[in-house]
Amino acid sequence: MSTESAPTPAGPTAAEFPADRFMDREEGWLRFNQRVLELAEDEDIPLLERARFLSIFSSNLDEFFMVRVAGLKRRLATGLAVASASGHHPRVLLERISTFTHELMIRQSACFENSVAPALREVGIRILRWNELEESEREYLHGYFRRSIYPLVTPFAVDSAHPFPYISGRSLNLAVTVRDPRDERRMFARVKVPSSLPRFIDLGTRGDARYVPVEDVIAAHLPQLFEGMQVVEHHAFRVTRNADLEVDEDETDDLVQSLENELLRRRFGPLVRLEVEQSITDEVLNILTEELGAEEEEIYRVPGPLNLAGLGQIADADRPELCFPPMVPVEPRALTSGGLFAAIREREILVHHPYESFATTTERFLALAATDPKVMAIKQTLYRTSGDSPIVESLIEAARAGKEVVVLVEVKARFDEQNNIQWARKLEDAGCHVVYGVVGLKTHCKLSMVIRQDGDGHLRRYCHVGTGNYNPSTARVYEDFGLFSAAAEVGEDVSDLFNSLTGFSRKKHYRRLLVAPAALREGLLAQIAAEIENSLKGEPARIRIKVNSLVDEEIIDALYRASQAGVHVDLWVRGSCVLRAGVPGLSDHIRVRSILGRFLEHSRVFVFANGWRPQVWLGSADLMPRNLDRRVEALVRVSDSEQCRRLVGLMDLAMADGTSSWHLEPDGSWTRHTHDQEGRRLMDLQDALRGDRHLRVVESG
């Protein structure tokens, strides 16, 4: 069907829908992180993986405060404080966030103290506080402090001659009160825990693994830092700051230089959260609150230790029996014989990572292109990549071999800006043509194109369109799809899109791609409208969508209209979802599921029944305003009928009643379903896929 001319059916307008049909995006995200916490609480999950989920929960929460909470505070400060789609004013939203986050952080601490830490002790992994150490261990740490910590630590006094020091974001610190024995005067000081130190100090004992929080080691040696003074008390604290970058591309001649300057300022952004140990005295907390300018709802008192993101260090312990079983990806059948380019030329190849190997498909695609004398040129987008990326090395090798290499590096990828700037400069030094994207837009699409002079004399384009970043590290734990194609229409589309990214073009409609911001929103709305029309005509009508986030109001209203027209809508959403599912009269026919586990569900898949001619799309775009309106995104239509069945089968498997998942309730809460009515454990989708490369189609419950 055409995505350009589908009619917009009659139905309720946005004004006729209930005013409370959207939930808060921020609360939706916090409920996602709550699901991560529920994995840490699940005693059926291997123990070190539970520790890792506690670590992920903390890291997620840091980013939430640095970006989402910071954004709300900025809107308040600049006077742009309009109500959200849920009707909540930013001030009310911040209060709701504070209440919910306090509950989650206390729950995380309880999970660690009462469940994970005791279970770790039972298997010989102990996290000890200083007063629990044996004398020999304290002696060892005295030496460790002198050798590895003391040279790095700087105490900062606070008095009339020494103003309160700047506290950088996400740093761990000690607030120290000392007394001068000569005049009994009490003074305040701050000691920063050097970020170069491990979160937990390994005691290096034989047998049981024993660790001590680094702040405990520093606290035990405060008398050496404040010689001649009496240490009265000390308490750990931690600050989170606004880390969103602001660069006006219209006002800068050098985007990279402007970004580097802004990165230096990121550490000095306004405070958005102050974490303190529960044992902190009111006197010390008052000093921190006043000097840091923290408001009441920004203060989080939690049992120590703070910054449980450091538990990732413990989760990396060499105890395979306490981890998920090893994951050995397989090579897709289509690539097990013959050359890669020949296989792609013969038929399009769909790969599913991490179940199918990233190294022998995507990495290999570019490695072969770099050394193949028949390859004339390579064009590539990079959004995030790893520090030792074989893909970047292949691009450099290709350029040095004299091939034309064009790389679009998105330097505005949040929290990867510095890495991307370094890679961009390395690529430029090697002779690659590096482009930094389109002014005003982030380039988020995942595209790779190899132009090859084949043996038949044809100059052929070999393309890869993916749902995930070209990052070998995350490809081992992120679930993503990639489609390899030598089809002429895909090659022409990808060429046209690259031309619009590197030059000047207003191309809107493509052959097998849907591209944002020009036409993706329009195309998806047209397909939803077509499903509504088909349902009203009695033809097959169904929508299945898999995304990371669903927060776009226009798309959600279209899905509500589809439900009211009798279209069955299945939504598989990993993270934030502001749609209300199963509300009588509004979304009776909408089901929302979420699956979290060993792998991060990251792919985006869109399936429309389209009468008797199903359309299946996959690509880079989530259903968020930024993806649809402020980013360059690309979906590719899957044309192979077997691959379409495979993707539909995956969607049905995720939504089946026999699959373990979270179900979104009408009130916005999520209910985890892990066992059936007889108490039998439901199927773990990711475990099932580890053992089955070729999905079976199942009846959806």
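# Ring contacts, helix packing and backbone exceptions

Colleague: Over which ring does the charged end of lysine 507 sit?
Modeller: The charged end of lysine 507 lies 5.2 Å from the centre of the ring in question. A charge sits over a ring if NZ of Lys or CZ of Arg is within 6 Å of the ring centre and within 35 degrees of the ring normal. The ring under lysine 507 is that of tyrosine 510.

Colleague: What kind of model is this, and what pLDDT do side-chain atom pairs need?
Modeller: Residues are numbered from 1 along each chain as its sequence is written, and side-chain values use heavy atoms, with hydrogens and water left out. The model is predicted; totals for chains, interfaces and linings use all residues, whereas local features need pLDDT of at least 70 and side-chain atom pairs pLDDT 80 or more.

Colleague: Which ring lies under the charged end of arginine 273?
Modeller: The distance from the charged end of arginine 273 to the ring centre is 4.5 Å. The ring belongs to an aromatic cluster that also includes Trp29, Phe32, Phe64 and Tyr300. It is the ring of phenylalanine 65.

Colleague: How are the rings of tryptophan 29 and phenylalanine 32 arranged?
Modeller: The whole structure holds 12 aromatic pairs, with rings of Phe, Tyr and Trp (its six-membered ring) pairing if their centres lie within 6.5 Å. Planes under 30 degrees apart count as stacked, over 60 as edge-to-face and the rest as tilted. For tryptophan 29 and phenylalanine 32 the centres are 5.8 Å apart and the planes at 75°, so the pair is edge-to-face.

Colleague: Are tryptophan 29 and phenylalanine 32 buried or exposed?
Modeller: Both residues belong to helix H1 (residues 25–41), three residues apart, and are therefore separated by about one helical turn. Helices (H or I, at least four residues) and strands (E, at least two) are DSSP runs, numbered from the N terminus. Buried means under 20% relative accessible area, exposed over 50% and partly exposed in between (1.4 Å probe, protein chains only). Tryptophan 29 and phenylalanine 32 are both buried.

Colleague: How many residues apart in sequence are the parts that phenylalanine 341 and phenylalanine 365 tie together?
Modeller: Their ring centres are 5.9 Å apart and their planes at 55°, so this pair is tilted. Phenylalanine 341 lies in helix H10 (residues 340–346) and phenylalanine 365 in helix H11 (residues 359–371), so the parts tied together are separated in sequence by 24 residues.

Colleague: How do helices H2 and H3 run relative to each other?
Modeller: The axes of H2 (residues 47–77) and H3 (residues 90–122) come within 11 Å and cross at roughly 165°. Angles under 35 degrees count as roughly parallel, 65 to 115 as roughly perpendicular, over 145 as roughly antiparallel and the rest as oblique. H2 and H3 are therefore roughly antiparallel.

Colleague: What is the omega of the peptide bond from alanine 516 to proline 517?
Modeller: Proline 517 sits in the loop between strand E18 (513–516) and helix H15 (520–536). The bond is cis, with omega near 5°.

Terms used
Axes are lines fitted to C-alpha atoms, for helices over the stretch in contact, and angles run from 0 to 180 degrees between N-to-C directions.
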